Amino acid sequence: MSEKKPIDIDTVDADMAITLGLLTAVEREGQVTQRSLAGELGIALGLANSYLKRAAHKGWIKVQQVPPNRYAYYVTPQGFHEKARLTAEYLSSSLTFFRRAKTQISEALEEFVAQDRRAVVLIGVSELAEIAALCQLQIDVTLIGIVDPDSSKDSFAGLPVVRRMEDLPAGEAYLITDVKKSQATYDAMIARYGTLRVKAPRLLHIRTDKPAARPESPQ
């Protein structure tokens with residue numbers, strides 16, 4: 001008998017968010033296109049098509065062809081029921097995420113305090129950075145700002161945002177809050193500042209051990 005794989009909570013949350021976003025978009029504007037839906041949800045066109053097909057198969061939406069070669073989508077009574085259920089579940093899931101993130105970020109900041117490193121720089125504009133800004137109110141650290149080379153913002157969560165590390169006062173510690181390229185960001189920061197000065201919340205699923213180097217092939 002094959003062993004069951006554990007459920008990836010982040011994947012479940014993403015699936016829930018996409019489905020809820022789809023039903024909301026269809027309810028708001030029936031004649032959505034797969035392309036407009038993909039853009040609104042921030043997913044690939046093929047994935048939007050798959051979610052539309054699944055929603056239709058489950059009876060959550062009804063599809064009607066309208067000329068010329070366009071489709072109108074309608075949320076069915078079953079779809080309205082599913083949307084209400086997902087809304088309640090997603091809010092509960094979001095609260096669970098917030099609590100988990102707050103706990104893990106607080107633990108990381110407390111570890112910096114224990115090392116007497118209180119000037120902390122956040123790496124990445126995201127919801128995690130917002131949560132870190134809230135944690136700062138309860139922990140004896142100072143968040144200097146956020147470094148994010150891909151962000152167009154000048155401030156976020158009450159903190160300055162810069163593109164380069166050199167544009168902020170020197171930090172004593174660095175917390176990874178980048179959710180898009182978290183592993184690459186972590187690896188780069190570790191190479192620059194070392195493991196004692198860089199931490200990341202566990203929910204980012206960052207691999208902290210480097211893989212063993214492959215032996216060179218004999219000449």
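Reader: What volume does the largest pocket have?

Author: This is a predicted model, and the volume of the pocket is a value computed from it. Rolling a probe the size of a water molecule over the atoms shows where empty space is left. For the largest pocket, that space comes to about 1,100 Å³.

Reader: How many residues line the largest pocket, and which are the closest to its centre?

Author: The lining of the largest pocket is made up of 35 residues. By class, they divide into 16 nonpolar, seven polar and 12 charged residues. The closest to the centre of the pocket are Ser126, Glu127, Asp178, Val179 and Lys180.

Reader: Which helix gives the most to the lining of the largest pocket?

Author: Four elements each supply at least two residues of this lining: α1 (9–28), α4, α5 (127–135) and α6 (182–193). The greatest contribution is six residues, and the element that gives them is α6.

Reader: Is serine 182 buried or exposed?

Author: Serine 182 is placed in helix α6. Leaving aside neighbours within four places in sequence, serine 182 is in contact with Ile176, Leu204 and Ile206. Its relative accessible area is 11%, and the cut-off for a buried residue is under 20%. Serine 182 therefore counts as buried.

Reader: Which element provides the largest share of the lining of the second largest pocket?

Author: The second largest pocket holds about 230 Å³ of space. Its lining has 13 residues, and those nearest the centre are Lys199, Ala200, Pro201, Arg202 and Thr208. The elements giving two or more residues to this lining are α4 and β8 (198–199). The largest share is four residues, and they come from α4.

Reader: Why does alanine 101 count as buried, and what is its relative accessible area?

Author: Alanine 101 has its place in helix α4 (residues 77–114). Not counting residues up to four places away in sequence, alanine 101 touches Leu128, Ile131 and Leu203. Alanine 101 counts as buried because its value falls under 20%. That relative accessible area is 0%.

Reader: What distance separates the C-alpha atoms of alanine 101 and alanine 132?

Author: Along the chain, alanine 101 and alanine 132 are 31 residues apart.

Reader: In which sense do strand β4 and strand β6 pair?

Author: Strand β4 covers residues 142–147, and strand β6 covers residues 159–162. Two bridges join them, and within β6 the bridge partner of isoleucine 146 is valine 161. The sense of this pairing is parallel.

Reader: Which residue in the hairpin of β5 and β6 takes a positive phi?

Author: Strand β5 (residues 155–156) pairs with β6 in the antiparallel sense over two bridges. In this pairing, serine 155 has proline 160 of β6 as its bridge partner. The hairpin has two residues between the strands. The residue with a positive phi, near 55°, is alanine 157.

Definitions and conventions. Residues numbered from 1 in each chain as written. Predicted model: local features only at pLDDT ≥ 70, side-chain atom pairs only at ≥ 80, totals over all residues. Heavy atoms only, no water. Buried < 20%, exposed > 50% of the residue type's maximum accessible area, 1.4 Å probe, protein only. Contact = heavy atoms within 4.5 Å. Pairing = 2+ DSSP bridges. 1 Å grid on protein atoms, 1.4 Å probe; cavity = no way out; pocket = protein on both sides within 12 Å on 5 of 7 lines; lining within 4 Å. Points joined across faces, edges and corners; volume = space filled by probe spheres on them. Nonpolar A, V, L, I, M, F, W, Y, C, P; charged D, E, K, R; others polar.
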